[in-house]
Amino acid sequence: MSDTKPLGEDTVDAKKGDAQKTSCQTDAGVDQTDAKPRQDDFQYNMNYSSLGQCVIINNENFHKSTKMGVRKGTETDEKNVEKTFSKLGFKVRISKDQTVAQMADLLTKVSREDHSQSAMFVCVLLSHGEEGLIYGTDDCIELKELFENFRGDRCASLVGKPKLFFIQACRGIELDSGVETDNGIESDGDSDMKKIPVEADFLYAYSAAPGYYSWRNVSNGSWFISSLCEMLSTYGNQLEIMQVMTRVNRKVALDFESSSNLPGYGGKKQIPCIVSMLTKELYFPK
């Protein structure tokens, strides 16, 4: 059980006949139906000189105009993330107490860097938030504005590579009271050139479901980040990323419950939310 105080994050389509005619043939007219896919077709390539960058933005203190409190415990999250991702092989960059303009400028500059020798990219955001929004120290900004810097049409050196975003922030003010249960819970290829969607190969891992409060312990850090780091440290070199994230979900869901003296804030639960546009399996190198 976590001794937690709410802090405000707390606290043009082909005709059907044409498609059927061409779906099993190359330009040479060779039937490819029985061609077996290679393992590489289903796993992201990690054979690069660098695994990539992990950019951490940790906002702890906020201008009075935002009416947001100090995010006590976020320093623990920052250190935990830095240690975990460094051990996995990432080059970690940390920026603290960033304004909206600084956050946007930082991620824009990073997206314009050459990532051609990197296997992937990671960004961890630690701040206050609302649904679809993240706070800088002076105001809030749409998460989409930060993420879209890394789209395929804006960041060419990361096209076809995984881009992971982990967001520790509230997504609303709803509180999850939980529910009692005993239901099984125990303590193709005619060319090398392919066009892919600009939003492909992203994974967004949010600390809470849409609309909900996200909990943080003033001493041990947030439920989500502590669970993420533990599962990555334990299984990051063994399991595929979605398997790891499912274990993160399970740990947060079952191992934590709020303990607060404030009326209505005790005995609350939390479930992270994973949104994946990954097109291959992702295994971190051993």
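Okay, let's start with a charge and a ring: the charged end of Arg247 sits over the ring of Tyr235, 4.4 Å from the ring centre. By "over a ring" I mean that NZ of Lys or CZ of Arg is within 6 Å of the ring centre and within 35 degrees of the ring normal. Lys163 does this too, over the face of Phe202, at 5.2 Å from the ring centre.

Quick housekeeping. This is a predicted model, where local features need pLDDT of at least 70 and side-chain atom pairs count only at pLDDT 80 or more, while totals for chains, interfaces and linings use all residues. Residues are numbered from 1 along each chain as its sequence is written, and side-chain values use heavy atoms, with hydrogens and water left out.

Now, the aromatics. A search of the whole structure turns up 16 aromatic pairs. Rings of Phe, Tyr and Trp (its six-membered ring) pair if their centres lie within 6.5 Å; planes under 30 degrees apart are stacked, over 60 edge-to-face, and the rest tilted. Take Phe202 and Tyr204: their centres are 5.6 Å apart and their planes at 15°, so that pair is stacked. Both Phe202 and Tyr204 are buried, where buried means under 20% relative accessible area, exposed over 50%, and partly exposed in between, with a 1.4 Å probe and protein chains only. Phe202 and Tyr204 also belong to one aromatic cluster together with Phe121, Phe147, Phe150 and Phe165.

Another pair to click on is Trp223 and Phe256. The ring centres are 5.3 Å apart and the planes at 20°, so these two are stacked. The pair links distant parts of the chain, 33 residues apart: Trp223 is in helix H5 (223–235), and Phe256 is in the loop between helix H6 (241–255) and strand S11 (273–276). Helices (H or I, at least four residues) and strands (E, at least two) are DSSP runs, numbered from the N terminus. Trp223 is buried at 0% relative accessible area, and Phe256 counts as buried at 14%.

Let's stay with H5. Its 13 residues reach 18 Å from first C-alpha to last, close to the 18 Å expected at 1.5 Å a residue; the expected span is 1.5 Å times one less than the number of residues. Buried residues in H5 include Trp223, Phe224, Ile225, Leu228 and Met231. So what covers the buried residues of H5? The cover includes helix H2 (74–88), strands S3 (118–126), S7 (163–168), S8 (202–206) and S10 (221–222), and H6. Contact here is heavy atoms within 4.5 Å.

On to strand S1 (50–58). S1 is mostly covered, with 9 of its 9 residues buried. S1 runs parallel to S3, joined by 8 bridges, and Ile56 stands opposite Val124 in S3. S1 also pairs in the parallel sense with S2 (91–96), over 6 bridges. To count as paired, two strands need at least two DSSP bridges between them.

Most residues other than glycine have a negative phi. Lys67 is not a glycine, yet its phi is positive, about 60°. Asp201 has a positive phi as well, near 70°. Which of the two is buried and which is exposed? Lys67, in the loop between S1 and H2, counts as exposed at 77% relative accessibility. Asp201, in the loop between S7 and S8, counts as buried at 2%.

That's my tour, thanks.
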